[in-house]
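Please look over the model below with these notes beside you.

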Amino acid sequence: MSDELTKEINRRRTFAIISHPDAGKTTLTEKLLLFGGAIHVAGAVKSNKIKKTATSDWMEIEKQRGISVATSVMGFNYGDYKINILDTPGHQDFAEDTFRTLTAVDSVIIVVDAAKGVETQTRRLMEVCRMRKTPVIIFVNKMDREGRDPFDILDELEQELHIGVRPLTWPINMGERFKGVYNIYEHGLDLFTPSKQTVSERVEIDDVNSPEVDRLVGEENATKLREDLELIEGVYPEFDKEAYLRGEVAPVFFGSALNTFGVKELLDCFVEIAPAPRPVMAVEREVRPEEDSFTGFVFKIHANMDPNHRSCIAFVKVCSGKFERNVYYKHVRQDKMMRFAAPTAFMAQKKSVVDEAYPGDIVGIPDTGNFKIGDTLTAGELLHFKGLPSFSPEMFKYIENADPMKSKQLEKGINQLMDEGVAQLFTNQFNGRKIIGTVGQLQFEVIQYRLLHEYGAQCRWEPISLYKACWIESDDEQALEAFKKRKHQFMATDKEGRDVFLADSNYVLQMAQSDFPKIRFHFSSEF
Ligand code: G4P
């Protein structure tokens, strides 16, 4: 273990910002980049949102995909820290993409709209964080608008996200009467001046009872603040960094991303408490970041950088050691040594060729079809990183060939799109028909479009009514065989050849669970 490596690891913070669309993720990301000096004016980060209304606008999707590669990973330096923000698609139909990105981060910031509270997508993404015990910080945004009572928001966060909360800043009024936040963590008063570009004014306060507070925010607000703080100290235990790192307690900040208010406080606290790259579990063993040998895994593939050459970028998260350009590494699944002449790093929204990268960093590797999501790269060791599960899709359709002359192209296209993680493929064991499972309708449209434009293949969708795909297993081989026999019409194989039961309704699933107690049903492919 070298000192240089340890130093580089300790200064890295790799995280994702997650939220329900419109809560302010893009705005907050942009403000964080402003503080890091990565951009110089607000408005420089394009939202990668695919607007709901644009579901049939293909060019729009293509354009969005172009934008999202530029903002897929945003690296910048802040003080002594190297920060990597991993972007997640805003549209819920690409939730699967977000799930996978969450496997490559060491912590998460959740943005919640103060008026709307916890919304569906936040709840779902939080489930993934909980499963992985990812440390979470919450930013309650849009305090410059009329929102809900902050105590109600805290209650809702606790109940809906199933996590303990601890406010580290506290709002003084809201909407038009929003005066700022009291920084419980650092004992300071941050006064609010609406502005999209500048930073708020900080007044150090030793004692919240000092008359200075009344002078600055008005007597009524000051009294309310003191009462609120008393209540907070009474109700919420002291902030416990270890509990945060275990994913049990989320510190909460209040602010307004649009007004760059409360963002610096968030960032300063974030770099201090958020974890540096942590050990990662492989099937074979735990891999620690400070190990000398390089290891990493592919968590995202962005295809079609140039439609004429079918080029992709594979995003590799460095897990341990130092990654170096032009050094041979083992592509474990293909059992071959490969070296990369033009790996890219993502700094300040720009891609540039890098010579080396450290744990926590993301390297983009230009690829022409060698990589699949979940692939492991090592210095030679046989390792397989865990933690890239597929979740049961929500929507299913049969995919049929609409042009018999192009069946090879269709097959190739489907396989590559699935390797890229666009959707999931199940093959019915009974009749051999192929079923595509997605999280949302938009993915079917993207698949059809891309099959045609990138592979020259035409597909047709046919309806199938399914409720869930369940990966099944049992310790009792006979029970498993008996189940598969009884349900043979509903048995399918996933891309890795695992057995999947396709339940056509919740009722059928429940019946199966009670009729076959020896079978375990899983809603994700990793158990
Ligand atoms: P998202 O990435 O989470 O989807 O949200 P985004 O940042 O795009 O923000 C959604 C909308 O909320 C934007 O308005 C944005 O300006 C606004 N917003 C973000 N933070 C705040 C805040 O602190 N206060 C207030 N009042 N509004 C905020 P828009 O009208 O949809 O877009 P735009 O035309 O302003 O870009």
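1. Is C129 buried or exposed? C129 is buried, with a relative accessible area of 1%, where buried means under 20% relative accessible area, exposed over 50% and partly exposed in between, for a 1.4 Å probe and protein chains only. C269 also counts as buried, at 2% relative accessibility. The structure holds 0 disulfides, a disulfide being a pair of cysteine sulfur atoms within 2.5 Å.

2. Please keep in mind that this is a predicted model, in which local features need pLDDT of at least 70 and side-chain atom pairs count only at pLDDT 80 or more, while totals for chains, interfaces and linings use all residues. Residues are numbered from 1 along each chain as its sequence is written, and side-chain values use heavy atoms, with hydrogens and water left out.

3. The largest pocket holds about 780 Å³ of space; a pocket is an open set of points on a 1 Å grid over the protein atoms alone, where a 1.4 Å probe fits, with protein on both sides within 12 Å along at least five of seven lines, and lining residues have an atom within 4 Å of a point. Of its 30 lining residues, I373, G374, L388, E496 and R498 are the closest to the centre.

4. The second largest pocket has a volume of about 590 Å³, and among the 21 residues that line this pocket, those closest to its centre are T103, R132, P279, V280 and M281.

Technical notes
Points joined across faces, edges and corners; volume = space filled by probe spheres on them.
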